[in-house]
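Open the model in your viewer and keep the selection tool at hand. The stops below go from the ligand to a sheet and the helices on it.

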Amino acid sequence: MPGKRVHMKQVKLKHYAPAVLKETDMEVKSSEITLEVEEGSQDVLVKNFYLSCDPYMRHRLTGLDYSHHPSFKIGQVLEGFGVSKVVESANPNFKPGDYVSSWTKWEEYSVIPKGERLTIIDPSFAPLSYYLGALGMPGFTAYVGIYEILKPKKGETIFVSAASGAVGQMVGQLAREAGLYVVGSAGSQEKIDLLRNKLGYDAAFNYKEEEDHVAALKKYCPRGIDMYFENVGGKTLDAVIDNMNPFGRIAVCGLISQFGKEKKDGVSNLYKFISARITMQGFLQSDHLHLMPKFMELMAGYLKANKLVYFEDFADGLDNAPNAFCRMLSGSKIGKQIITIAKD
Ligand SMILES: NC(=O)c1ccc[n+]([C@@H]2O[C@H](COP(=O)([O-])OP(=O)(O)OC[C@H]3O[C@@H](n4cnc5c(N)ncnc54)[C@H](OP(=O)(O)O)[C@@H]3O)[C@@H](O)[C@H]2O)c1
């Protein structure tokens with residue numbers, strides 16, 4: 001298949017940002033590129049529709065390799081989860097017109113080497129963008145954290161931080177379905193209303209307006225905390241530990257409050273682990289991918305029964321991608337942050 005020369009936009013890393021990330025640390029550049037799918041290569045050319053803004057990508061903008069996600073290099077096109085449509089394929093598993101969830105670049109079209117990490121998705125099942133959230137990596141993370149790590153028992157209390165985000169809103173709904181008392185925190189009144197009125201949380205508070213997090217958790221979790229779905233770290237974690245019931249469990253999913261901090265806040269009340277016999281376990285959703293079919297089956301049931309709602313915040317076009325990524329980190333968005341590049 002002969003290569004096509006096209007002009008297209010790409011989002012690249014401009015400066016490493018080990019401390020504070022600014023929009024200007026990324027740049028949107030238009031370049032002339034040859035899109036080539038060589039016969040026999042198994043490669044697949046896709047048109048990108050939606051891109052996902054995920055917190056782990058922040059590690060990849062630092063120039064430091066301290067996490068399990070290696071840093072992007074200066075000038076490298078950003079990459080991550082996406083939803084795309086196949087345009088041309090040298091791979092028998094994919095044909096033009098297929099919709100796929102993808103591991104793709106932040107650009108308009110991408111050649112996916114050997115079609116790796118492409119999965120065909122069904123647009124009639126749910127909105128395509130859901131495959132980046134409710135039906136994608138964040139939803140699956142919520143499922144793994146609850147069922148594989150925390151192992152809930154009906155009637156227990158779960159507390160969730162960053163509760164209205166991509167992962168948090170799914171944690172809340174799965175926890176409600178598991179018969180738990182569900183309490184969440186988020187960073188604005190609008191998000192608290194969403195948690196209470198739309199996402200099935202029994203109680204919720206704005207952590208930015210609570211001086212004393214230990215007292216706030218006492219108030220909103222009157223029977224103490226049996227499980228904590230940890231998304232933020234820092235002083236929230238210390239306050240949760242102080243409020244944990246005997247044999248409490250903590251699933252450490254993420255520590256977003258610690259991003260860019262040279263000196264990380266630590267756990268200052270480790271003694272409580274002994275007196276309350278607390279278990280704390282970190283996890284990566286990617287270790288549990290064999291459970292994906294089970295997760296999709298559960299989600300199919302919820303969607304059919306109209307039990308699932310999902311809030312998304314769409315940024316329009318690659319020009320707005322750096323801003324969208326920073327909004328996701330700062331909490332200026334509501335729900336799952338997505339970048340729309342094209343529509344069908
Ligand atoms: N372990 C895994 O396999 C895995 C997989 C996916 C995600 N994660 C982790 O899960 C967490 C949530 O990810 P997500 O995709 O759902 O992101 P998200 O919640 O949609 O977005 C991040 C949110 O974190 C909150 N936040 C930012 N700085 C904060 C701070 N200093 N203190 C408290 N909250 C802060 C903000 O919302 P507010 O308005 O509420 O402040 C922000 O919107 C992240 O820590 C991420 O790294 C882990």
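**The ligand**

Select Tyr207 and the ligand: a polar side-chain atom of Tyr207 is 2.5 Å from a ligand oxygen atom, a polar contact being a pair of N or O atoms within 3.5 Å. This is a predicted model, in which local features need pLDDT of at least 70 and side-chain atom pairs count only at pLDDT 80 or more, while totals for chains, interfaces and linings use all residues. Residues are numbered from 1 along each chain as its sequence is written, and side-chain values use heavy atoms, with hydrogens and water left out.

Next select Val167, where a polar backbone atom lies 2.7 Å from an oxygen atom of the ligand. At Phe283, a backbone N or O atom is 2.8 Å from a ligand nitrogen atom. The ligand taken alone exposes 910 Å², and the protein buries 89% of that (accessible areas by the Shrake-Rupley method with a 1.4 Å probe).

Now show the whole shell: 26 residues surround the ligand, each with a heavy atom within 4 Å of it. The closest include Lys191, Gln285 and Lys333. Helix 1 (137-150) and helix 8 (321-330) each give two or more residues to this shell; helices are DSSP runs of H or I with at least four residues, strands runs of E with at least two, numbered from the N terminus.

Select the six strands of the open sheet, in the order 10-9-8-11-12-13 with parallel pairing; two strands pair if DSSP finds at least two bridges between them. Strand 10 (203-206) and strand 13 (279-282) are at the edges with a single partner strand each, so one side of each has no neighbour in the sheet.

Zoom to strand 8 (residues 157-160) and strand 9 (residues 181-186), which pair over four bridges. Here Phe159 is opposite Val183 in strand 9.

Finally, select helix 3 (residues 189-197), which packs on the sheet and touches strand 9 and strand 10, contact meaning heavy atoms within 4.5 Å.

Note on methods
Axes fitted to C-alpha atoms, helices over the stretch in contact; angles between N-to-C directions. Polar contact = N/O pair within 3.5 Å; in protein donor to acceptor, adjacent residues only side chain to side chain.
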